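User: I have a chain open here and would like to go through it. Can we start with the strands?

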Amino acid sequence: MVGRPRIARQRISQAVRHARRPFRDGRLDTVSHPPSLPEIVNRAFDVSRRAGYVSFCRNETGRLLAMLAATRDGTMAEFGTGCGVGTAWLRSGVRGEKARIVTAELNPKLAEAAAEIFRDDDQVEVLAADWSTLLDRGPYSLLFLDSEEPTQVSVDAIADLVEDGGIVVLDDFTPCELWPPITQGRVDTLREHWLTDDRFTAVEVMVAPDASTIIATKR
Ligand SMILES: C[S@@+](CC[C@H](N)C(=O)[O-])C[C@H]1O[C@@H](n2cnc3c(N)ncnc32)[C@H](O)[C@@H]1O
């Protein structure tokens with residue numbers, strides 16, 4: 001999200017190294033998840049690398065997205081596709097043919113690159129568009145808010161886009177052991193509102209020592 005340090009993101013070289021070299025120099029790697037990645041995620045990393053694009057969700061968040069997507073039918077949406085890594089993680093979790101994923105990316109070159117990953121996949125639609133074009137395509141069973149623009153993803157702006165029982169995922173928080181949460185010396189009102197709004201049951205989950213994610217289920 002804008003205004004937050006981007007340290008939660010990992011460099012593509014690290015991600016690929018983790019994916020392909022579980023044992024470095026004969027030692028166990030220090031990740032707490034299986035080192036292999038779903039094929040569709042590897043494809044997304046290849047596309048990202050060719051595009052020189054390195055701003056994507058970290059694998060820990062990706063695994064969370066896949067797990068959540070595995071619980072969903074209906075339409076899932078992502079605001080901010082980037083090069084399709086988060087979309088690929090969502091897709092890797094989808095079960096059956098009922099679920100759909102629609103994702104919007106403002107940058108047409110990135111959207112085109114991401115669309116390539118899912119060219120033969122009827123269940124994924126990549127739009128080269130502002131995410132506001134998705135406002136009338138809901139309600140969504142899962143919404144991954146990752147467009148780096150916190151002012152646009154307040155609870156009030158998002159609540160009606162989610163079906164009852166639907167899940168919202170907000171990425172890229174820095175863990176904070178204070179209440180109200182503080183980011184860069186100021187109260188993080190976005191995080192505070194998402195964690196306290198009566199319309200959702202929400203929790204902040206640390207996906208790594210330096211990164212957390214908010215998951216909120218609509219009541
Ligand atoms: C952090 S990246 C997305 C990473 C992606 N979700 C992933 O996990 O691989 C944020 C993206 O949001 C896009 N973006 C920013 N504002 C947007 C908007 N209003 N509508 C659609 N995309 C937007 C940016 O161009 C950027 O590519």
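User: What is the bridge partner of alanine 77 in β6?
Analyst: Leucine 143 is the partner of alanine 77 there. Keep in mind that this is a predicted model.

User: How many bridges join β3 to β6, and which way do they run?
Analyst: There are 4 bridges between β3 and β6, and the two run parallel.

User: And how many join β6 to β7?
Analyst: Strand β6 is joined to β7 (residues 162-173) by 5 bridges, again in a parallel arrangement.

User: Is β6 mostly covered or exposed?
Analyst: Mostly covered: 6 of the 6 residues in β6 (residues 140-145) are buried. Across the chain, buried residues make up 43% of the 219 residues.

User: What about the largest nonpolar core, how many residues has it?
Analyst: The largest nonpolar core has 58 residues. Those with the most contacts inside it include Leu143, Leu145 and Val85. In soluble globular proteins, nonpolar side chains tend to be buried together.

User: What is valine 85 in contact with?
Analyst: Setting aside neighbours within four places in sequence, valine 85 contacts Val41, Ala44, Phe45, Ser48, Phe56, Cys57 and Gly62.

User: New topic. Which residues are closest to the ligand?
Analyst: Phe56, Cys57, Gly80, Gly82 and Gly86 are the closest, out of 21 residues that surround the ligand. The elements giving two or more residues to that shell are β3 (75-79), α4 (85-93) and β4 (100-105).

User: How does the shell split by class?
Analyst: The shell around the ligand has 8 nonpolar, 7 polar and 6 charged residues.

Methods. Residues numbered from 1 in each chain as written. Predicted model: local features only at pLDDT ≥ 70, side-chain atom pairs only at ≥ 80, totals over all residues. Buried ≥ 20, exposed ≤ 12 C-beta atoms within 10 Å, placed from the backbone. Core = buried A, V, L, I, M, F, W, Y, C linked by C-beta atoms within 7 Å. Contact = placed C-beta atoms within 7 Å. Near = placed C-beta within 6 Å. Nonpolar A, V, L, I, M, F, W, Y, C, P; charged D, E, K, R; others polar. Pairing = 2+ DSSP bridges.
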